[in-house]
Amino acid sequence: MTLAALDLAFRAASVALLLMLAVSLLHDYRNVLAGRLGAAFVLGSVAHAVSYSLDVTSRVPLWHAPLIALSTGTIVMFWLFTRALFDDEFRFRWWHGLIWALVTAYSFAGCVWIAPSGHVRFSVTMVNLIVLGFIALAVGQMVASWPADLVERRRHVRFFIVCAIALYGGLNAVLQIAAAGDHVGAVAETINTGALTCTVAAIVYAMMRVDGADLFPAAVEPAPPVIFSQPAADDAADQKLIDALMRLMADERIYRQENITIGVLAGRLKIPEYRLRRLINQRLAYRNFNVFLNNHRIEEAKAALADPTQAEVPVITIAMDAGFQSLGPFNRAFKAVTGVTPTEYRRLKADAA
């Protein structure tokens, strides 16, 4: 088999696997934001598999430019996909789409105008610096949200998915910058497409091994109410730990502590961190540790806002007393749970009194 035929076979295999994954996501999770963004990322990756080349010395045919532009825009979809996949509170905004459009448009302009005008290295370098920037954002999102994630299987797969894509995409971006304007041999191109096929196959395999409900919940339900009574538990040891956890929340109000972490809480309960994650996730139905803490903080804030004797206490004071560090996150979390702002909630309670 010639190198050209092997390269074509690798690309075809990548496209087939990606299309299979896209169909699966759209069929099972089209009503879930992470599922839709995942499908968009996968379809953009199809454009990448078809069009990507380390060799950027020749003029890009006009019909090829849209594929390259879509391939570049895929990195924005990767960033958005990781945000939606690992942050249950993420919401798609109009400016997210604008960022994708701007990156895609710049890549298209680089293919049909900037590079052909004699600025190949500049065009290739700028596009790939953009790619590296969004890879850094995706990795940063993974690292920042890792400690609060309570879904064990999602914690395991997130590292693999993000790092595999980041490693492949980052390495290719660096290679394109280094090789801009120089001819790249067929062997290097074939190795590149082979690496893409292996990366795609590994990601598809990893996602198939994880329960879809862990990665793509059918709907992000409101956080369950704070329960100070004993929740049902099958195991007596778990029941005892849950009771102790609820005492820390209800009596000591440990959620008020600044920078409280699940590790600190596990230390107070004298159990491993992984066990506390499992208890909060499986017994109390929380997917995120910060949501668990904020729900307790909001319950305290609701009581203070409804208290006539605290009618003159500023909202920011109530928020910080409950454990929030600033007003913005408090307002967003409060409205997500109650549907109204803290000020509106106070007024409604005062009118009902």
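Trainee: Why is His96 called buried?

Mentor: Buried means under 20% relative accessible area, with exposed over 50% and partly exposed in between (1.4 Å probe, protein chains only). His96 has a relative accessible area of 1%, so the residue counts as buried. Keep in mind that this is a predicted model, where local features need pLDDT of at least 70, side-chain atom pairs count only at pLDDT 80 or more, and totals for chains, interfaces and linings use all residues. Residues are numbered from 1 along each chain as its sequence is written, and side-chain values use heavy atoms, leaving out hydrogens and water.

Trainee: Which residues does His96 touch, leaving aside those up to four places away in sequence?

Mentor: Val76, Trp79, Leu80, Arg83, Phe90 and Arg91. Contact here means heavy atoms within 4.5 Å.

Trainee: What makes the pair of His96 and Arg93 a polar contact?

Mentor: The term needs a pair of N or O atoms within 3.5 Å; within protein, one must be able to donate a hydrogen and the other to accept it, and residues adjacent in sequence count only if both atoms are side-chain atoms. A polar atom of the His96 side chain lies 2.9 Å from the backbone nitrogen of Arg93.

Trainee: Where in the secondary structure is His96 found?

Mentor: In helix 4, residues 94–114. Helices are DSSP runs of H or I with at least four residues, strands are E runs of at least two, and both are numbered from the N terminus. The protein has 15 helices and 0 strands.

Trainee: How much of the protein counts as buried?

Mentor: Of its 353 residues, 46%.
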